[in-house]
Every structure is written in C-alpha cells, then in structure tokens.
Amino acid sequence: MTKTLDAAQLIDGEWVNSLGDAYLSVDSPVTGLQISTVPAVDASQLDRALAASESAWAEWKARSAWERSSILRRASELMTERAEEIAIRLTQEMGKPIVESRLEVAASIEQFDWYADEARRIYGRIPESRNTTLRLAVRREPVGPVAAFTPWNFPLLLAARKVAPALAAGCTMILKPASEAPGPALLMGEVLQSAGLPSGVLQIVTGKAQFISEHLLSSPIVRKLSFTGSVPVGKHLIALGAANVVNVSMELGGHAPVVIMGDVNATQIGRLCASGKFRNAGQICIAPTRFYVHESIADEFASAFAARTAELVVGDGMNDATDIGPLISDSARVRISDLVADALSHGSELLCGGKPQPGEGYFFEPTVLLDVPAHAKIMQDEPFGPVAPIVRFSTRDEAIGHANNTPFGLAAYIFTNNLDDVTVLSEQIQAGIVGVNTFAVSAASVPFSGVKHSGIGAENGTEAMDGYLVPKTIVTAHA
Ligand code: NAD
C-alpha cells in the first residue's frame, strides 16, 4: 500500500499524529486502494483538545469582532491561493468531478469572506422598560466551545459552513471531519493557522466517530453540538448531547420532491432535471430526488430525462470529461442496487442504467425509473445516489400530497410558468428550501435549513450566526 497523502490532526495549535499506532485508511473510490492514512485520536488527545478549546475560548471571545473578521478574511485569501491543491485532494478522496470540486472550494472561500463581514454585525437590543428605574439591554454572546461533525459528500464546504460562522461569533470548535475524506478539512485547518488563528480556536481530530462524539459530548466543556449527516446519526447525537443539555444544530437528510406542472417545456425541463439529479452522483442532501410530473407531459419529460442521462460520462473525477464520479463506497453501491431491484419488483419501468459498472472502483450507472409506486422503498428511504424515480400525477393537490409524504423536509423544487402554482406549491410543500424553476438554491447569504426530520437550526445567512450566539439580558437599576 503506497501512502501518497499524509495527514495529521490539529490539536492546540500543533499537528500531531496518533500517540499509539492507530490509523484509519483513506481509500480512493476510483480504485478502492488506500491513498493516505489519518491518525485515530485517543482519549488523552481529546482531553487536551477540550482543555485547549475552553482556554482558547476565553481569549478568542475577548478579541474585537474586527480582529476575528480580519483573520477570517485572510483565510479566504489564503484558501484562494491554495484552491487548486485543495480541489485535487477533494476529488482524489471522494471522487466528484474536478470541476465540481473547484466550485466547492469557491463556495468555501465565500463562507470565510461572508462571515468575515458577519463577525462585525452582531447586534444586541436596548428595549424600552415599563419600570423607568430599570435599563434593559440584550447582548448576544458566543455560546461556547463547539463539537462539530461533518460528512464526506461536501467535505470542505460543510466544514467551512460551521467553522466560519462559529469563529465569527467568537466560539471555539473541535471539528471531526468525515473519515472517508478528511483531507480537505485538514487543509482548511492549515489555511486558518496561516491566517493567524490562535492555537486552540479551531482543532481538527480524526478517528472513530462514535468514540469521539461520546467522549466530547460527555464533557461539560462542550456547549454546542453541530452535525451534518444522516437522520439516524443525528438522532443519536441529539440524545448524547441531552446529558449536558447542549445547544444543538442539525443538518440532516433530505428526499427532495420535484413537482413539474403541465405548462412547462417537457423536453427542456426533463434534460435540466437529469443534469441536476446526477450532480455529485446524486450524493447531495438537497439533490432532486423524486420527480412528480403532470400526466399531460410525463412521457415526453421521461424520455428527455433518460436521453440526457445516457449522455452523461461516468468515470474518474480527475478527467475533465467526467460528469459523474464513483459512489463513496461499495456498500453505497449495494444499497443503490437494492433500491433499484425493489423498485423494479414493484412494477417500475427501467428507462436506463440500473446496475453497478464492472471493473474497479465504486461506479454505478445513472439510473432512471418510470411509474415508481409510492410503496417502493426508494420513495421513502433517502437514496443518496444516482437513481431518479419518475411518477405521474393529475392534480396539484395530489402532487402536494406526494411531496409531503416523507419524514424529510429539506429542499423541494417546482417547475411551472403559472404564478398561482408557484404561490400554492411553495407555501404548501413542507421544506426549508424551495427552488422555483431552478436547482441552484444554496448561497452563503440565505439560510440552508430543514424542517421535520431534516434538521434543527440553519447554516448560511445571518441565521447561521444565531446558532452560535446566545442572548444575555442585563437589567441595570438607576436612581
Ligand atoms: P452519516 O450520518 O453516516 O455520517 C456523517 C458524519 O458523521 C461522518 O463524518 C461520520 O463519520 C460521522 N458519524 C457517524 N456516526 C457518528 C457518531 N456516532 N458520532 C459522531 N459522528 C458520527 O452520513 P453520511 O452517509 O456520511 O452522509 C450522508 C448523509 O448526510 C445523508 O443523509 C445526507 O442527506 C446528509 N447530509 C445533510 C446535509 C444537510 O445540510 N442537511 C448536507 C450533506 C449531507
């Protein structure tokens, strides 16, 4: 096994390796072979990180917002200088096309730039008092040391979305990036260190997720838990955090419905939906997932969708021609195969794809299924992969019923030219984010959040700062 990329952990300002000989392998999803290792943190190192997080917090929150802002701004500049190196590492570790990795790095740079501004816009309130001998004031203070856990599908952006607002607010953070693709977050740690971030403000640990979360969340030092990942792990962490009544933000799974009304150009929207669906091989929490199409255009839509899908090039993300990279693991491929088999056994029609690609790596053919019944597993389980079920509907109310028929409520999409449909669908579909005639719904300036089982709290926008700030009321008597 050749080690081509090495990584250590950032604890109290030092890059440290495993104290024993415990390492985790980081494997290429293109070959299945090891490309690097990361150390597995142990209890004494976590205790060191906790202590550093607490002492650094006292110092970091006492700095002026202008100082915090200028370090974040510098980080955005330094990340820009290292953008290509980070993008390559991202593609090597998790497989997405290099063009998509470059976009992810650009979006992460924007996080540091955006929250450099937000750091200076933390406003309290001076409300009027009924009792004129009392002065009322509300300050907003950083909640405290944060434990953060992020997944592999956007291994840099999803970490940056937590780190940038937390640091802007004056919190410290211990981040545990995804074990499958820890490299981009570790490079982000290097960037922040070079930008002048004091020791202990951001620490990055690697290793066994369950061990790390149990250890960190059993400590009274941690005052906030921020997690992005699946619903089951999110529920487990909420329960762990309850022991110390930690403040919680959860960005969990999605199963985004797409409602396509009968007044759109079926061929054009069918092609657009196929391109949107298979971005990052469908491994996106806001990926368009269930396509509900008005019966008057369903056949034309489905054939355009399948034709566009057949054009997409599956391959190594490092090749410029690649549209769809591998899945993250072989087990993800098995899960997708099972969902496709289940949908077919319930009478769905296979329009294209349907099976893993032979050869090395974790590739799966982009797959389109028509007339998938509501009781097929894929209509309830988050597929998180390159499979698109298409379903016909006849009335708008029926489409709303389908859209709301899962425990998820992250993103939803609507395609129509009718203003009344936009109003009714966008208001009645239960989701934190609604795209109208677009899939481009994520921006640093607007909240990214889910309802129902999809989450608690928000990232992006001024709302992300709310997750890292708590109000303090100060009542002052005067003569
Ligand atoms: P996952 O929940 O299995 O893992 C997510 C992260 O949590 C990983 O780093 C993993 O190592 C870690 N983890 C797992 N068990 C843990 C534990 N006991 N304690 C602490 N950390 C633990 O999810 P995944 O399959 O890696 O990622 C895909 C899921 O993430 C999907 O459900 C997707 O929708 C969701 N997601 C949500 C958003 C969002 O913003 N809402 C964004 C991206 C992904």
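Residue numbers start from 1 along each chain as its sequence is written. Because the model is predicted, local features need pLDDT of at least 70 and side-chain atom pairs count only at pLDDT 80 or more, whereas totals for chains, interfaces and linings use all residues.

The ligand is surrounded by 27 residues, a residue being near a molecule if its C-beta atom, placed from the backbone, lies within 6 Å of it. The closest are S213, G229, E251, G253 and C285. Two or more residues of this shell come from each of α7 (209-217) and α8 (231-242); helices are DSSP runs of H or I with at least four residues, strands are runs of E with at least two, and both are numbered from the N terminus. By class, the shell holds 12 nonpolar, 13 polar and two charged residues. In this division Ala, Val, Leu, Ile, Met, Phe, Trp, Tyr, Cys and Pro count as nonpolar, Asp, Glu, Lys and Arg as charged, and the others, Gly among them, as polar.

UniProt, in an unreviewed entry, lists residues 15-474 as "domain: Aldehyde dehydrogenase"; its positions are given in the numbering used here, feature names are shortened, and annotations may be inferred rather than shown by experiment. The end C-alpha atoms of this span lie 41 Å apart, and the span is 40% helix and 19% strand.

The axes of α7 and α8 come within 9 Å and cross at roughly 25 degrees, where axes are lines fitted to C-alpha atoms, for helices over the stretch in contact, and angles run from 0 to 180 degrees between N-to-C directions. The two helices are therefore roughly parallel (under 35 degrees; over 145 is roughly antiparallel, 65 to 115 roughly perpendicular and the rest oblique). Their crossing is right-handed, that is, the near helix is turned clockwise from the far one by less than a right angle, anticlockwise being left-handed. S213, E214 and L217 of α7 meet L237, L240 and G241 of α8, contact requiring C-beta atoms, placed from the backbone, within 7 Å. This contact comprises three nonpolar, two polar and one charged residues.

Helix α2 (residues 65-81) packs against helix α4 (residues 98-118) at about 160 degrees, with axes 8 Å apart, which means that α2 is roughly antiparallel to α4. The crossing of α2 and α4 is left-handed. Contributing residues are S69, L72, R73, A75, S76, M79 and T80 of α2 and S108, I109, F112, D113, Y115 and A116 of α4.

For helix α3 (residues 83-94) and helix α6 (residues 183-194), the axes come within 8 Å and cross at roughly 155 degrees, so α3 is roughly antiparallel to α6. I86, R89, L90 and E93 of α3 meet G183, P184 and L187 of α6; four nonpolar, one polar and two charged residues make up this contact.

Definitions and conventions: Two residues are in contact if their C-beta atoms, placed from the backbone, lie within 7 Å.
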